Amino acid sequence: MIITKKRDFQELMENIKNYKSFFLIGCSECAALCGTGGEPEIKTMTEALEAAGKEVTGAFVAKTGCQVLGTKVELKPFNMAIDKAECILVMSCGAGTQAAVEIFEDKPVYPVNDSMFLGNMTRFQMFDERCSLCGKCILDKTGGICPITACPKGLLNGPCGGCKDGYCEISPDIKCAWVRIYERLKKLDRLDDMSEALPAKDWSHSQKPRNLYAKEKEGAKK
Ligand code: SF4
Ligand code: SF4
């Protein structure tokens, strides 16, 4: 899931100081799980905006805010409230905000949240980064632990000389990713997977902007 956090409210107010009326869009997927874009957060934001003298003409939690066509259809019943608003505020990730930019060509759209990373909810409202979206996964070679993400240096072969007692020199709170990989492979009796150094990564797979269309996905299946 995409992990988001709320932006500073005063910063948001500064960004939207020239507008008086707003329509809010949340997202029932990642943002709702992160507590940044579900019904309770929409309600809290509505109250905060009204307390600051702004008008909220309406609000809606999209099923999947980054799904452009689906969100556009879902928003149809809210056309009047949207027309009355000078500005759209989006309480999802950056992709959701840009979906709204595509939908509302003639209205300013502002993000309420910062998008942080792709990760897992490991405990309630606790999120850890798991994937850096490199475009060519190597989890099959690393016991299912991503060194590109879990190692602060993104080392493809480790551990480095900064590993002390199994922890990373960057922070005593971070267990060395390569120690974790070693321990997991050992447990699975797959240490042979570490016998060969991983080759230098082909970063062309993460060249931006990326896109993926159905035809290409079909090709990958063959
Ligand atoms: S190897 Fe790449 S795709 Fe796989 S988890 Fe790590 S960053 Fe993500
Ligand atoms: S100690 Fe381990 S996790 Fe830290 S930078 Fe070195 S290899 Fe990466």
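**Figure 1. Surroundings of G65 in the predicted model.** In this predicted model, G65 touches C27, T71, G96 and A99, leaving aside residues up to four places away in sequence. G65 belongs to the loop between β3 (55–62) and α4. With a relative accessible area of 5%, G65 is buried, because buried means under 20% relative accessible area. The C-alpha atoms of G65 and A99 are separated by 7.1 Å, although these residues stand 34 residues apart along the chain. A second pair in this view is formed by Q98 and G65, which are 33 residues apart along the chain and have their C-alpha atoms separated by 9.4 Å.

Figure 2. Helix α6 spans residues 94–103, and its buried residues are G96, T97, A99, A100 and I103. Seen down the axis of α6, these buried residues fall within an arc of 155°, so they line one face of the helix. They pack against α4 (68–74), β4 (87–91) and β5 (109–111). The face turned away from the buried side of α6 carries the exposed residues Q98 and E102. For Q98, which lies in helix α6, the relative accessible area is 55%; this residue therefore counts as exposed, the term being used for values over 50%.

**Figure 3. Two domains of the chain.** The chain is divided into domain 1, covering 2–116, and domain 2, covering 133–207. The centres of domain 1 and domain 2, taken over C-alpha atoms, are separated by 38 Å.

Figure 4. L33, M121 and F124 make a nonpolar surface patch of about 320 Å². F124 is placed in the loop between β6 (113–123) and β7 (126–131), and its relative accessibility of 69% makes this residue exposed. The loop between β6 and β7 also holds Q125. Q125 is not a glycine, yet its phi is positive, at about 60°. Most residues other than glycine have a negative phi, and most peptide bonds are trans. With a relative accessible area of 34%, Q125 is partly exposed.

**Figure 5. The loop between α7 and β8.** This view shows a cis peptide bond and a positive phi in one loop. The peptide bond from G158 to P159 is cis, its omega being near 0°. P159 has its place in the loop between α7 (147–150) and β8 (167–168). D165 is likewise found in the loop between α7 and β8. The phi of D165 is positive, at about 50°, although this residue is not a glycine. D165 counts as exposed, with 72% relative accessibility.

**Figure 6. Helix α8 and its packing.** The buried residues of α8 (177–187) are A177, W178, V179, I181 and L185. These buried residues pack against α7 and β9 (171–175). Just after α8, D189 takes a positive phi of about 55°.

Figure 7. S206 lies in the loop between α8 and α9. Its relative accessible area of 16% makes S206 buried, since that term applies to values under 20%. When residues up to four places away in sequence are not counted, S206 touches L133 and C134. The loop between α8 and α9 (214–221) is also the place of P209. K208 and P209 are joined by a cis peptide bond, for which omega is about -5°.

Methods:
Residues numbered from 1 in each chain as written. Chains lettered and ligands numbered in written order. Predicted model: local features only at pLDDT ≥ 70, side-chain atom pairs only at ≥ 80, totals over all residues. Heavy atoms only, no water. Domains from an automatic or database assignment. Patch = residues over 30% accessible without salt bridge, like charges linked within 9 Å, V, L, I, M, F, W, Y side chains within 5 Å. Areas by Shrake-Rupley, 256 points an atom, 1.4 Å probe, with all protein chains shown as cover. Salt bridge = Lys/Arg side-chain N within 4 Å of Asp/Glu carboxyl O. Helix = DSSP H or I, 4+ residues; strand = E, 2+ residues; numbered from the N terminus. Buried < 20%, exposed > 50% of the residue type's maximum accessible area, 1.4 Å probe, protein only. Arc of directions from axis to C-beta. Contact = heavy atoms within 4.5 Å.
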